[in-house]
Amino acid sequence: MGSKAWLVEDESAREMLDRVLTERPFLLLPPLHRVPLRVGNIVEIVGPSPSAKTHILIQAAITCILPRQWKGVNYGGLGHLAMFLDLDCRFDISRFSDLLNHRIMEAANGSSSEVDCQIKESEAQNATTKPYNEELFASCMRRFLYIRCYDSSEFLATLKTLHYRLQKERETHGVNVHVLLIDSIGAFHWIDRGSSSFSLEGDTRKSLHLQSVTETVVQEIRKLLLVHPMLVMATKAAVLGNRYSMNDSKRNYRTWSAKDNLHSRNVTSSDQQVPYREYMPAVWQSLITHRILVRTTDADFVNGEHQNVSTYLSEWLLPPLNSVDKFIVRDTGVFVLS
């Protein structure tokens, strides 16, 4: 091929941009909307329980599996697969189905995606002039992939075999998994920490310690993203209190190898102050590209029906943004209050 032939354009800049955004679209989902999230990002949603962390994951999954458009109706979705790894073992599929149904009904009835303080909750719940389409509902549910893990060994086994599962699902559905959702990443931390070691998949010849478990999890996620580029979102429970240095986590893991301690210094060199004590090992912290803190507020939001709705606060810690957003959770989604 000559140099002139190589330089001949086969698509315009607009066409290239449309193609890239279609293949790897950004996720702009409240309350994560201030930072465009794309494949390759690993987002940690940290906060006390309850603080709507799982609900944010669910809405991200629904946005992923909904189509962008379907039979002339704009649903604002991505039309991709979503994989949900349930480590908390409290996922309610009926609740997920109801929330998906509400999103479909909202779009079918032409409801605005932006809801302010004056919109009534009953308007979204009773929007039944056009009932949801069963064909669309079933299609979306097929794009939602769910795995429940009861302990760290099952979690590791899932990650090690996930490549083949994702490959099979891509061949079946013709689209990739765009979002990998993990709820919650610290579910087995304290159990594993209380045990000196445990065997992997019944193999007593190989015992895993807490640090090696986390290290293996990080390695498997990194390898997975090389073959299957995805946006990874993980929730993590935390107890809020005084402001702590991220460097405090190093003092909690004095048994880590010299390699891990060096990695920890690289990650926490900025000595960021956070309003909770970090308990996950430094190797996990090194994996995170984005971190957002969510928490409840003491005050309730009163809508037009004079019904109390719980309100939450969100604050970006990584990258650090000098702003705090207030948001509410409804069946039709998560909405930021102005």
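1. Lysine 160 and glutamate 220 form a salt bridge through their side chains, with an N to O distance of 3.1 Å. Lysine 160 belongs to helix H7 (residues 152-173) and glutamate 220 to helix H9 (residues 210-227), so this pair ties together parts that are 60 residues apart in sequence. The model is a predicted one, and the distances discussed in this note should be read as computed from it.

2. The two partners of this bridge fall into separate accessibility classes. Lysine 160 is partly exposed, at 39% relative accessibility, whereas glutamate 220 is buried, at 9% relative accessibility.

3. Over the whole structure, the search finds 12 salt bridges. One of them is between the side chains of glutamate 44 and arginine 291, with 2.6 Å from N to O. Glutamate 44 sits in strand S1 (residues 42-47) and arginine 291 in strand S12 (residues 290-302), so the contact ties together parts that are 247 residues apart in sequence. Glutamate 44 has a relative accessible area of 0% and is therefore buried. Arginine 291 is likewise classed as buried, because its relative accessibility is 3%.

4. Glutamate 278 also takes part in a salt bridge, its partner being lysine 236, and the closest N and O atoms are 2.7 Å apart. This pair links distant parts of the chain, 42 residues apart: glutamate 278 is in the loop between strand S11 (273-276) and helix H12 (282-287), while lysine 236 is in strand S9 (residues 231-237). Glutamate 278 and lysine 236 are both buried. Through salt bridges that share partners, Glu44, Lys236, Glu278 and Arg291 are joined into one network.

5. Which elements each supply at least two residues of the lining of the largest cavity? They are H7, helix H8 (189-194) and H9. H9 gives the most to this lining, with 4 residues. H7 and H9 are also the helices that hold lysine 160 and glutamate 220, respectively.

6. The count of cavities of 30 Å³ or more is 2. The largest cavity holds about 140 Å³ of space. Its lining comprises 14 residues, and those that lie nearest the centre of the cavity are Ser152, Ile185, Val213, Thr214 and Met280. By class, the lining of the largest cavity divides into 10 nonpolar, 3 polar and 1 charged.

7. The second largest pocket has a volume of about 750 Å³. It is lined by 31 residues, with Ser49, Lys53, Thr54, Asp88 and Arg90 lying nearest its centre. H3, H8 and S9 each supply at least two residues of the lining of this pocket, and H3 gives the most, with 4 residues. The lining of the second largest pocket contains 13 nonpolar, 8 polar and 10 charged residues.

8. How many disulfides does the count give? The count comes to 0 disulfides. For cysteine 89, the closest cysteine sulfur is that of cysteine 149, and the 7.7 Å between the two sulfurs is too far for a bond. The cut-off that applies here is 2.5 Å between the sulfur atoms. Cysteine 89 is partly exposed, with a relative accessibility of 24%.

9. Cysteine 64 is buried or exposed? Its relative accessibility is 0%, so cysteine 64 counts as buried. This residue lies in helix H3 (residues 53-65), the helix that gives the most to the lining of the second largest pocket. Leaving aside neighbours within four places in sequence, cysteine 64 is in contact with Leu78, Gly79, His80, Leu81, Ala82, His178 and Val179.

Methods:
Residues are numbered from 1 along each chain as its sequence is written. This is a predicted model: local features need pLDDT of at least 70, side-chain atom pairs count only at pLDDT 80 or more; totals for chains, interfaces and linings use all residues. Side-chain values use heavy atoms; hydrogens and water are left out. A salt bridge is a side-chain nitrogen of Lys or Arg within 4 Å of a carboxyl oxygen of Asp or Glu. Buried means under 20% relative accessible area, exposed over 50%, partly exposed in between (1.4 Å probe, protein chains only). On a 1 Å grid over the protein atoms alone, a cavity is a set of points where a 1.4 Å probe fits but cannot get out, and a pocket is an open set with protein on both sides within 12 Å along at least five of seven lines; lining residues have an atom within 4 Å of a point. Grid points are joined across faces, edges and corners, and a volume is the space filled by probe spheres set on the points. Ala, Val, Leu, Ile, Met, Phe, Trp, Tyr, Cys and Pro count as nonpolar, Asp, Glu, Lys and Arg as charged, and the others, Gly among them, as polar. Contact means heavy atoms within 4.5 Å.
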